[in-house]
Amino acid sequence: MRIDILSLFPEYFQGPFAVSILKRAQEQGLIEINLIDIRRFAEDKHKRVDDRPYGGGPGMLMMPGPCVKAIRSVKSKNSRVVYLTPQGKTLTAGKCEELSEHTHLILLCGHYEGIDQRVIDLEVDEEISIGSYVLTNGCLPAIVLTDAITRFVPGVLGHKEAASKDSFQEEGLLEAPQYTRPEEFEKIAVPEVLLGGHHKKIADWRRKKSEEKTRQVTGQQPLPN
Ligand code: 4FV
């Protein structure tokens with residue numbers, strides 16, 4: 001899978017993509033990430049990429065020209081263009097799994113107060129929000145989306161089933177409490193059932209705990225299995 005990330009701060013991505021699972025996935029050729037600086041496509045000698053909003057209002061907007069040129073510089077017939085914005089559909093695990101099936105994603109990072117609507121009308125396939133809060137820049141959402149999608153790419157996670165076994169994936173249930181060594185920590189022991197090796201009892205216990213957690217966090221009654 002190839003992911004081209006268009007932003008005004010390509011240097012922002014140095015850290016997250018240079019460590020751990022994302023680094024290994026690139027080294028194994030499972031994903032290819034390209035960082036494209038939208039300012040390279042600015043048309044005027046001052047390399048201007050933003051301007052004031054028509055009709056007034058606070059702040060600046062990203063101009064259409066550099067954004068559209070940047071998108072078209074990498075776009076091909078099987079590209080999917082995603083604009084990260086608070087005005088987008090809230091990201092879900094299902095959407096991450098769906099996007100992981102594309103061969104080429106183009107992620108457009110918003111900056112300032114947003115972008116000229118004509119970029120969206122002309123080149124954007126879908127708008128995605130990582131949550132109902134406003135960040136200082138659109139690079140963080142692109143990092144979150146890239147990380148969440150990459151986990152679904154076959155071969156990225158050690159054991160195959162991991163991503164599809166995630167919480168949220170299976171019937172929207174949150175994960176049950178998990179324990180590892182030591183068996184007792186600060187006088188708190190690991191639940192007996194997990195030490196007994198009785199798979200059915202363990203699965204039932206995890207199901208019950210998962211439903212409790214889901215009820216507690218979402219207030220919703222999870223569906224009976
Ligand atoms: C955002 C979000 C987000 C808005 C102003 C970048 C910022 C600045 N993007 N999900 N939440 N973007 O807050 O996707 O342009």
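The second largest pocket holds about 320 Å³ of space. Its lining counts 21 residues, and L84, T85, P86, V134 and L135 are the closest to its centre. This is a predicted model.

Strand 5 gives the most to that lining, with 5 residues. Strand 5 and strand 7 each supply at least two residues of the lining. By class, the lining of the second largest pocket divides into 10 nonpolar, 10 polar and 1 charged residues.

Now to the ligand. The ligand sits in this second largest pocket. Two elements give two or more residues to the shell around the ligand: strand 5, spanning 79–90, and strand 7, spanning 126–129. The largest share of that shell comes from strand 5, with 3 residues.

The shell has 16 residues, of which Y112, I130, G131, Y133 and L135 come nearest to the ligand. Sorted by class, the shell residues are 9 nonpolar and 7 polar, with no charged residue.

L135 places a backbone N or O atom 2.8 Å from an oxygen atom of the ligand. For I130, a backbone N or O atom lies 3.0 Å from a ligand nitrogen atom. T85 has a backbone N or O atom 3.4 Å from an oxygen atom of the ligand. On its own, the ligand has 370 Å² of accessible area, and the protein covers 95% of that area.

T85 is among the residues closest to the pocket centre, and its backbone lies 3.4 Å from a ligand oxygen atom. L135 is also among those closest to the centre, and L135 is one of the residues that come nearest to the ligand.

Notes. Residues numbered from 1 in each chain as written. Predicted model: local features only at pLDDT ≥ 70, side-chain atom pairs only at ≥ 80, totals over all residues. Heavy atoms only, no water. Near = heavy atom within 4 Å. Polar contact = N/O pair within 3.5 Å; in protein donor to acceptor, adjacent residues only side chain to side chain. Areas by Shrake-Rupley, 256 points an atom, 1.4 Å probe, with all protein chains shown as cover. 1 Å grid on protein atoms, 1.4 Å probe; cavity = no way out; pocket = protein on both sides within 12 Å on 5 of 7 lines; lining within 4 Å. Sits in = over half its atoms within 2 Å of the grid points. Helix = DSSP H or I, 4+ residues; strand = E, 2+ residues; numbered from the N terminus. Nonpolar A, V, L, I, M, F, W, Y, C, P; charged D, E, K, R; others polar. Points joined across faces, edges and corners; volume = space filled by probe spheres on them.
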